Amino acid sequence: TIGTGSSNELANSILYIEDGGFILAGSKSTPANGLDFYLVKTSANGTVEWEKSYGGYADDCANSVTKSSDGGYVLVGYTKSFGAGSSDVMAIKTDSSGEQEWFVTFGGVRDDVGESVQQTTDGGFIIAGGSRSFDPAGSYDCYLIATGPTGNLVWNRTFGGADYDYANSVQQTTDGGFIIAGGTGIFLSYVKDMLLIKTDSQGNPQWTKTYGASGPENAYSVVPTSDGGYLLGGSTRSYGSNEEAYLVKTDALGALEWQNYFGGGSDERANSVTQTKDGEYLLVGYTKSYGAGLSDIYYVKVDRSGNLKTMGTFGGINDDSGYDIVQLQDGSCAI
């Protein structure tokens, strides 16, 4: 565990880097300023090598981190200290030692949040999240932002109707476009359906798909798969009264190939998914049905058809949750 004991620390995103160590990004509470962006570098065995925090007078939280081609890092999340609205998307660029090089904000007069970032093949960055500033109805729209290498705005797009639409994850695709996953609609105060949007390299939608049954569903993570399709991880309430961890596999055009859900008598959620080196799939999130505590870190491994192979938990007697997963060179995983 990483933290001082006198403040709250939360890791939302993890990177495995060339020296075998890890980069963690999230938030750290401070007595004077609320939450700050928080970046931690560890060795291969998890020993802290350095830590940095960034922010202003109010809450600022990093939700995602990506490595830049110059060896530095770009963190994306939200800021209430800077920008034009009650919260804005904020991106911070650091060097390889975590020293801040630049920061930028994006958004309007209402709430805007960055949830996911990836460096693009042109050296810039793609950011996805949610925006209330550009929806005439005042609800959230999916928010997609493309920047140059120094954070300069290249273009931005919003997707959605009068109801709720929100992007939680974005990845660049092999054709130079982007795949975006999140949720759309409202059903009994929950997000109604998983949402998957494919765009071209300029953010113009090529197709949009939704997934779900009778109850609410939401997607928190998407990855392109080796067969050209996509894997979504999230949650569903269609198969019982509780939340279940939910996997959806599609082909290259978003057509459903299979889906499966996992859980017990209480709530589960998949916060991150990955394809493993053996071609199978792994999710990580939390469970309230299994383990030692109120909630525990939860992992599920499935085969290429979505059939359960193994599952397990980590944690103690209180709340523990997994937010991100990365595979190492030897095939093991870090959560």
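A residue counts as buried when its relative accessible area is under 20%, and in this predicted model Y140, with a relative accessible area of 18%, is therefore buried. By that cut-off Y166 is buried as well, because its relative accessible area is 8%.

These residues lead into the aromatic contacts of the chain. A pair of aromatic rings is described by the distance of the centres and the angle of the planes. The model holds 13 aromatic pairs, one of which joins Y140 to Y164 in an edge-to-face arrangement, with 6.0 Å from centre to centre and 70° between the planes. Because Y140 sits in the loop between β10 (125-131) and β11 (141-147), while Y164 sits in the loop between β12 (153-159) and β13 (165-172), this pair ties together parts that are 24 residues apart in sequence. Both Y140 and Y164 are buried.

Y140 also pairs with Y166: the ring centres are 5.3 Å apart and the planes stand at 75°, so this pair too is edge-to-face. Here the loop between β10 and β11, which carries Y140, is linked to strand β13, which carries Y166, across 26 residues.

In soluble globular proteins, nonpolar side chains tend to be buried together.

Technical notes:
Residues numbered from 1 in each chain as written. Predicted model: local features only at pLDDT ≥ 70, side-chain atom pairs only at ≥ 80, totals over all residues. Heavy atoms only, no water. Phe/Tyr/Trp six-rings, centres within 6.5 Å; stacked < 30°, edge-to-face > 60°. Helix = DSSP H or I, 4+ residues; strand = E, 2+ residues; numbered from the N terminus. Buried < 20%, exposed > 50% of the residue type's maximum accessible area, 1.4 Å probe, protein only.
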